[in-house]
Amino acid sequence: MKVLVIGGGAREHALCRSLSLDPDVTELHCAPGNAGIAQVARLHPVDQLDGAAVADLAAGLGAGLVVVGPEAPLVAGVADAVRDRGIPVFGPSREAALLEGSKAFAKDVMAAAGVPTARSYVCTTPEEAADALDAFGAPYVVKDDGLAAGKGVVVTSDLQEALAHAAACGRVVIEEFLDGPEVSLFAVTDGTTVVPLQPAQDFKRAHDGDEGPNTGGMGAYSPLPWAGPELVDEVLATVLQPTVDELRRRGTPFSGLLYAGLAITSRGVRVIEFNARFGDPETQVVLARLRTPLAGLLLAAATGRLDELEPLRWSDGAAVTVVVAAEGYPASPRSGDPVEGLAEAEAADGTAYVLHAGTRLGEDGAVLSAGGRVLSVTAVGEDLALARRRAYDAVARIRLAGSHHRTDIALRAAGGQDAGRDGRQDDGAR
């Protein structure tokens, strides 16, 4: 099978790495990719938002499967353009991707499907926003209705900050604050059958102790020692399957990766948000533990044959990802700096490796920083403590001027304590 992956971040590097290890994949291509992905796939320039260009590239390569990584191409209808050319594609249609592209649409779907979520108001004027904020009280949760590249949500006890964010966004969803630890759960679906993956937890704030500004994600771990297997069964029954059923009922079946951001509240599981694709950095740890060949799983979803698939196989161990971010991230990240020590960070036995997020190759072939989140350093081990130690040992070998990373990824979970909040409610559409 020839596979084409669309995107160029650490999520796509994780996908390409797993696909490159699949014996059924005979050729692996990525567009546009990055310096790390170039080690496992052939790169091609393409406008990710141009459905016709992506479809032409896939047809020219003779791709048997196209995997669309980021949310913006999905919301732009790129999967539709590829599907219209008769090429199997893993990713929802433009209409189904509105589940991430519009938080108001997602709330409407959840209401119709009976999915538990936070009470909310959709507001389009400053007066409506002020009334909604007054109704819920602090802490205030204000979400831009559309895609916002990780900067769409403000959670604050400052009323003026909440009002300012609402005014800047225009159309917003204002909702009640959800307490409790937060979980990311992915599911692969063909529009009818839903196959949940293993849960993960990510860390949104820039600094240790969940301090500092909100980011796209500074690290993640899986499995969750504080969440039993019954959690996945509950979310499948009350959230994932009802949502997929409702979208099919509406005539907009969702085929691809359905991502549920969840709060485990004192009143039970509540959905914070849906995404229409693999999340970053959770993908890095979830795929590190998946033993079922990835290409067959994604192709089964793309061709409506998930019900024929054998149960997924997982490693018994753990995985931890630590994000190395550029100086100034998330406000104004610096780029163009050399990234050194990458080879030293990689473990010969594959227990630690580096996934590139924001990198490019310089004219002399050196790897340079080219984004806010530059690297996702990922490690596996028999338990979280070992995986965590290996990840941080690898991070220590990397040199990037002015870079920063959190030192507490999976710290509490590895110590056997109950997990605390990780900032998921701070998340927007990433």
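**Burial, contacts and backbone of the chain**

Student: What percentage of the 430 residues in the chain do buried residues make up?
Tutor: This is a predicted model, in which local features need pLDDT of at least 70 and side-chain atom pairs count only at pLDDT 80 or more, whereas totals for chains, interfaces and linings use all residues. Residues are numbered from 1 along each chain as its sequence is written, and side-chain values use heavy atoms, with hydrogens and water left out. With buried taken as under 20% relative accessible area, exposed as over 50% and partly exposed as in between (1.4 Å probe, protein chains only), the buried share of the 430 residues is 59%.

Student: How many helices and strands does the chain have, and what radius of gyration goes with them?
Tutor: Counting DSSP runs from the N terminus (helices H or I, at least four residues; strands E, at least two), the chain has 14 helices and 22 strands.

Student: Is D145 buried or exposed, and with which side chain does its own side chain make a polar contact?
Tutor: D145 sits in the loop between strand 7 (140-144) and strand 8 (153-156), and it counts as buried because its relative accessibility is 9%. Leaving aside residues up to four places away in sequence, D145 touches G101, S102, K103, A104, R171, V172 and V173, where contact means heavy atoms within 4.5 Å. A polar contact is a pair of N or O atoms within 3.5 Å, and within protein one must be able to donate a hydrogen and the other to accept it, while residues adjacent in sequence count only if both atoms are side-chain atoms. At 3.1 Å, the side-chain partner of D145 is S102.

Student: What is the relative accessible area of A410?
Tutor: A410 lies in the loop between helix 13 (384-395) and helix 14 (411-414), and its phi is near 65°, a positive value in a residue other than glycine. A410 is buried, because its relative accessible area is 1%.
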